[in-house]
Amino acid sequence: MALRNIRIEGDEILRKKCRKVEEIDDRILTLLDDMKETMYHANGIGLAAPQVGILKRVVVIDIGDDGPGFLELINPEIIQMDGLQTSTEGCLSVPGRYGDVPRPEKVVVSYVDRNGDGYEIIGEGLLATCLCHELDHLDGNLFVDRATKFYTKEELEKGE
Ligand code: NI
């Protein structure tokens, strides 16, 4: 495994639409391993492939103790959404900025795992937010596009 460089807002690659993974080959498996290492190293709860410069529909997520553990999602798609919640988001590609973003309260996401098996995952609360945030990256969208209010790190810490 290896750490990959995280692209920062302003890098055009973050604004491009990712292609579907047609074949899960060694390059995709290495990408998944590297994204996992890169996400944990950066203390993130999710990472999408364009954030490491790869325009493929691949996402890794681990929201911590309240979540289902480490997730690898290939070709994820939201197939159902319900409700509305607004929570404060940040992004490894947008360091130092946070914002309130309205998202569905619950989503159902279909995806394929590294073995090529298809699954569906139900996400509520933080997991729903994280799934929506990461899947947005695959279409070139960042949370700053959807945020209704912004905070600096200092404001966020003071406000809590
Ligand atoms: Ni992000």
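Reader: What spacing do the donors of the nickel ion follow along the chain?

Author: In this predicted model, the protein donors of the nickel ion are Cys-91 through SG, and His-133 and His-137 through NE2. They lie 2.1 to 2.3 Å from the ion. Read along the chain, the donors of the nickel ion follow the spacing C-x41-H-x3-H.

Reader: How many residues apart are Cys-91 and His-137, and where does each sit?

Author: Cys-91 belongs to the loop between strand E4 (85–89) and strand E5 (97–103). His-137 is in helix H2. The pair links distant parts of the chain, and the separation is 46 residues.

Reader: What is the average twist from one strand to the next?

Author: The sheet in question is the open one, ordered E1-E2-E3-E6-E7. From one strand to the next, its twist averages 40°.

Reader: Which residue in E6 is the bridge partner of Glu-77?

Author: Strand E3 covers residues 71–82 and strand E6 covers residues 106–112. The two run antiparallel and are joined by six bridges. In E6, the partner of Glu-77 is Ser-110.

Reader: At what angle does helix H2 run to E7?

Author: Helix H2 spans residues 126–137 and lies across E1, E2, E3, E6 and E7. Helix H1, residues 26–41, lies across E1, E2 and E3, and its angle to E2 is about 35°. For H2 against E7, the angle is about 120°.

Reader: Which element supplies the largest share of the largest nonpolar core?

Author: This core has 20 residues, and those with the most contacts inside it are Ile-61, Leu-73, Ile-121, Leu-127 and Leu-131. E2, E3, E6 and H2 each supply at least two of its residues. The largest share is six residues, and it comes from H2.

Reader: How many residues are in the other core, which lies apart from it?

Author: Its members include Ile-28, Ala-49, Val-58 and Val-60.

How values were computed: Residues are numbered from 1 along each chain as its sequence is written. This is a predicted model: local features need pLDDT of at least 70, side-chain atom pairs count only at pLDDT 80 or more; totals for chains, interfaces and linings use all residues. Side-chain values use heavy atoms; hydrogens and water are left out. Two strands pair if DSSP finds at least two bridges between them. Helices (H or I, at least four residues) and strands (E, at least two) are DSSP runs, numbered from the N terminus. Axes are lines fitted to C-alpha atoms, for helices over the stretch in contact, and angles run from 0 to 180 degrees between N-to-C directions. Contact means heavy atoms within 4.5 Å. A nonpolar core is a set of buried Ala, Val, Leu, Ile, Met, Phe, Trp, Tyr and Cys residues joined through side-chain atoms within 4.5 Å. Buried means under 20% relative accessible area, exposed over 50%, partly exposed in between (1.4 Å probe, protein chains only). Donors are N, O and S atoms within 2.8 Å of the metal (3.2 Å for Na, K and Ca); water is not among the atoms, so sites may look incomplete.
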